[in-house]
Amino acid sequence: MSSLYELACSNPHLKYIDDDSQVYLPLSEIHLYDFNSSDFGAHKPVLIFAYLDNSLKSIQRFWSAINSIGCVALLPANLNPAFKRSLEETYSPHIILDIERVSIEDYVQIIESGIFLRQKVGAVTLHHNIKVLLNTSGTTGSPKFVKLSEDNLLSNALSISAYLPIQSSDVTPLNLPIHYSYGLSILTSNSINGGTIVCSNTDVLNRNFWSKMDFFGYTSLAGVPFVYEMLDRIGFTKKSYKSLRYLTQAGGKLKTELAIKFAEYAQLSDIDFFIMYGATEATARMSYLPPKLLLLKPDSIGKPIPNGFFHIDPSTSELLYKGANVFGGYVDKPEDLSNYDAPDWLKTGDIASKDEDGCYYIKGRLKRFVKLFGNRINLDEVESILNSSLSVQAKCIGVEDKWLAIFYIGTAKIESEVTNYLHKVMQLHPSKLKFISIHEFPYTINGKVNYQELQNKLPEFTTS
């Protein structure tokens, strides 16, 4: 039996609710599929592709896969069909769980709809430590995965439970996808130490979500920066929610003014607001900022999670992380599934600093630079300066160390303002600036700016 599943089963307060049928079920009463049985021909660890949403049926299939001797790739149920086929052709999973399809070539349906068994056994060799594969690209169908062990999942869930005020009386909505590391961590940490978990595919922008919040009495909400931007737009901080005890935010940096606004709201409402920092490669969390420090250090990512450690590389200023939750490497092709090698220190790719209180700050990305006239320009710093000094919404991309491409939302008047300001403050020559007006910025499923998509939108004159 899976140790993660066993620990969740031992939680006497844990119940799952289907938000539509309002059926309450303890984990011990949820029927699990035995993917180790002869029905599935599983005489050794096999690869399972699970296309899941946040329904109770998906939770049932998640725990069935976790409790098997195999490895499960967690993928969105609504992934483009062409991407699904491409991934399956690449990896030849032994079992596919997909309620969206009624048939799959080279697979037979078994037991019930949405469960498919490969007719020809694939030659994929799985390392015994690999339990979960998470795709870092969201909905693009990239064949690249992060390899996570059960120890990774368990250690991160326990660390999160050690600093978040999770209680047995909690009612927690699954309002982030469980195929995303943040959403997965909500499921695992609350399954171990929480109370009621509401399985729902209704997001916070849906009016129905708020009626269900009142009905069920949600005690916490989680969100990436985009979610908090939307909560601000719909007037979240102008209302009170009697059941709410705490808020969490991760998945990218929240704008300072929003962090302060929600911190002040939390303080007035007597609830906790946790800003957290993490990565899929760390299973989810690496640090958190205690609520009492939020108004004092709104730009900080806080301190390492329990049993986690930070180190700043003195030569590059890159933030490094060590902990039992660090992954076992990437998967780009089937052959990569045969090994699991956790690095001594995880390279985050973020440039960081540390203050006298031991709190850390992200200053930018190690690779988010462009070199103009021999000077390295930090693109994240340019974005921050434009936002704080000119209130300009802009995203920057370096183009072959020749130009600084600035995508902006607004009128063309912005171009002259930004040009003059950057020339004055950062001595950036106007000839090296290229402006692209855009209606809205593209985001990944994790709520981060999709710079690759912006790269694809570059007009020809910036690449000639």
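What follows is a chat about helix packing, salt bridges and a few single residues in a predicted model.

Visitor: Before we start, what kind of model is this, and how are residues numbered?

Guide: This is a predicted model, in which local features need pLDDT of at least 70 and side-chain atom pairs count only at pLDDT 80 or more, while totals for chains, interfaces and linings use all residues. Residues are numbered from 1 along each chain as its sequence is written, and side-chain values use heavy atoms, with hydrogens and water left out.

Visitor: OK, helices then. How do α7 and α8 cross?

Guide: The axes of α7 (residues 225-233) and α8 (residues 256-269) come within 11 Å and cross at roughly 60°. Helices (H or I, at least four residues) and strands (E, at least two) are DSSP runs, numbered from the N terminus, and axes are lines fitted to C-alpha atoms, for helices over the stretch in contact, with angles running from 0 to 180 degrees between N-to-C directions.

Visitor: Left-handed or right-handed?

Guide: The crossing of α7 past α8 is left-handed, a term for a near helix turned anticlockwise from the far one by less than a right angle, right-handed being the clockwise case.

Visitor: Which residues meet there?

Guide: From α7 there are Tyr228, Glu229, Leu231 and Asp232, and they meet Leu258, Lys261 and Phe262 of α8, where contact means heavy atoms within 4.5 Å. The residues of this contact divide into 4 nonpolar, no polar and 3 charged; Ala, Val, Leu, Ile, Met, Phe, Trp, Tyr, Cys and Pro count as nonpolar, Asp, Glu, Lys and Arg as charged, and the others, Gly among them, as polar.

Visitor: And which residues of α7 are buried?

Guide: Pro225, Val227, Tyr228, Glu229, Met230 and Leu231 are buried in α7, with buried meaning under 20% relative accessible area, exposed over 50%, and partly exposed in between (1.4 Å probe, protein chains only). The buried residues of α7 pack against α6 (207-216), β12 (220-223), β13 (246-249), α8 and β14 (272-278), and just after the helix Gly235 takes a positive phi of about 80°.

Visitor: What about α9 and α10, how do they cross?

Guide: The axes of α9 (residues 379-390) and α10 (residues 413-426) come within 11 Å and cross at roughly 110°. That makes α9 roughly perpendicular to α10, on a scale where angles under 35 degrees count as roughly parallel, over 145 as roughly antiparallel, 65 to 115 as roughly perpendicular and the rest as oblique. The crossing of α9 past α10 is right-handed.

Visitor: What does Lys297 pair with?

Guide: Lys297 forms a salt bridge with Asp355, with the closest N and O atoms 2.7 Å apart. Lys297 lies in the loop between β15 (285-289) and β16, and Asp355 in the loop between β20 (346-354) and β21 (360-365), so the pair ties together parts that are 58 residues apart in sequence. A salt bridge also joins Asp357 and Lys297 (2.9 Å, N to O), and this pair ties together parts that are 60 residues apart in sequence.

Visitor: Are those residues buried or exposed?

Guide: Lys297 and Asp355 are buried, whereas Asp357 counts as partly exposed at 43% relative accessibility.

Visitor: Last one, which non-glycine residues have a positive phi?

Guide: Ser92 is one of them, with a phi of about 45°, in the loop between α3 (81-91) and β5 (95-98), and Ser92 is partly exposed, with a relative accessible area of 21%. Asn307 has a positive phi of about 70° in the loop between β16 (300-304) and β17 (309-312), and Asn307 is exposed, with a relative accessible area of 63%.

Notes: A salt bridge is a side-chain nitrogen of Lys or Arg within 4 Å of a carboxyl oxygen of Asp or Glu.
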